[in-house]
Amino acid sequence: MIDLIQAQLENTYGLSSELKVSDFLVDETAARALGGTARAREELLVSEGAEGLELALYLHPSLSHPQTLGEFCEVVEGVSHFLYLAHTAKEERRVSLLELEAQAEVDKFIVCVLRRGFRGGGLPALLAALFERVSLHAHLTEAERWRYAEANRLARSYARRLVPLILTASLERFLAEVRHMYRLGADAKLRYFAQLRPA
Amino acid sequence: MSQLVLSGSLKEFFRLMVGEVVKRQRVTIEEITEFYVVNLLSDYAQAERLFDASVDGRRDTEPLALLYHRALQQERDERVRTLRRLGDVSLYTAGFFQPSLQDRVVGPDYYMQMGRNAYAAVAELSSGSSFSAVYQELGLKFASLVEVLEEISARGQVATGPEGQLRVFERWQRSGNERLEVVLLEAGMLPKGRLPN
């Protein structure tokens, strides 16, 4: 499952990563030893050492076989975080948490759309499930809630702008658009998400 | 109204106006918070303080998302300044430009949420300082303060003449907002006796 999601995101964005996300999975004990909190069912662990960035991904055992859209999206979020951090590290660029979260929200939408065969049917329900009927974990702080809510809002704004490209089945334009978006820097990307004109 | 305009400085005008509207709307706020709002209004009455960028020759404000994003990456002192600006811009925009926000994808609720969160965050970051309580009150009573500013904006528009009066009238027709009704009633735009005692 993780390998498939990674392949899908890499193909969509035209990325070529030498890393295999599934090789960086750790269990709860290892996650805690690496400084993780295990508060969430998905957690990317990052440490900056002398030899560069070290990454590990914790996924709760229940996510190994996702049964619901929500669980599937948690896995996508973990893979998205991993790939985006690896991508920005390669570009020697710092990444902000808001940017990381907003990108993951967009990635969930894109993976779901492509897995449904890039068809317009069911788009309103998908948008609602991903961006409107969202509940945040009780353990989050106010600051974290604010950040997630804003990331969700920015991603929703962008996802809605992608809808015409999906409805007209313009896969080539869709890929060109999302590849352009993926490579934007933090400020430019958030400004791009926030703007209102069609993609 | 004319007395207020003639009363001297812009700050004095807003001081009287805020005091009057706060009292009328029965909003309970500390004097120092009221003073903060007065300063905010007189600062932003000078357009260049609100608008901070020139896009295609047009003045514009930085999107709230970018202000927020910048704040997240700053050290404490700078972060406080940016979050305060985020709270101020949200409050002023939600209060003074509410009608134009209704037609945007990002509506008044978004400004309310960002403003409330920003002031709450500033209160937390400056806890222990004498201003913390002001920001806390600004966050907690954000919605009431937006309504205060909305009425001040309407009163200002009505005072500019027929065109402004018409705008307020149209807004009242669309929304049925009772505060706007009072403003129009006092300006003689509506026949007396419409409101229940």
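Predicted model: local features only at pLDDT ≥ 70, side-chain atom pairs only at ≥ 80, totals over all residues.

Mentor: Begin with confidence. Residues are numbered from 1 along each chain as its sequence is written, while chains are lettered from A and ligands numbered from 1 in the order in which they are written.

Trainee: In which element of chain A is confidence highest?

Mentor: Elements here are DSSP runs numbered from the N terminus: helices are H or I with at least four residues, strands E with at least two. Strand β2 (residues 42-49) of chain A has the lowest mean, 83. The highest, at 94, belongs to α4(A).

Trainee: How many residues of α4(A) are buried?

Mentor: A residue is buried if 20 or more other C-beta atoms lie within 10 Å of its own, exposed if 12 or fewer, and partly exposed in between; C-beta atoms are placed from the backbone. Helix α4(A) covers residues 97-115 and has 19 residues. It is mostly covered, and the buried count is 16.

Trainee: What span does α4(A) reach from its first C-alpha to its last?

Mentor: The expected span is 1.5 Å times one less than the number of residues. For α4(A) that expectation is 27 Å, and the model comes close to it. After the helix comes Gly117(A), with a positive phi near 85°. The span reached by α4(A) is 27 Å.

Trainee: Which element gives the largest share of the side of chain A that touches chain B?

Mentor: Contact requires C-beta atoms, placed from the backbone, within 7 Å. By that test, 15 residues of chain A meet eleven of chain B. Elements giving two or more residues to chain A's side are α4, α6 (142-167) and α8 (186-194) of chain A. The largest share, six residues, is from α6(A).

Trainee: Why does Leu59(A) count as buried?

Mentor: Leu59(A) sits in strand β3 (residues 52-59) of chain A. Leaving out residues up to four places away in sequence, it touches Leu25(A), Glu42(A), Val75(A) and Gly78(A). Leu59(A) is buried because its C-beta neighbours inside 10 Å number 28.

Trainee: What is the strand order in the open sheet of chain A?

Mentor: Strands pair if DSSP finds at least two bridges between them. Two bridges join β1(A) to β3(A), and these run parallel. The edge strands, each pairing on one side only, are β1 (25-26) and β2 of chain A. Pairing is mixed, and the order is β1-β3-β2.

Trainee: Which residue in β3(A) is the bridge partner of Val26(A)?

Mentor: Look in β3(A), which runs parallel to β1(A). The partner of Val26(A) is Tyr58(A).

Methods:
Contact = placed C-beta atoms within 7 Å. pLDDT = per-residue confidence, 0-100.
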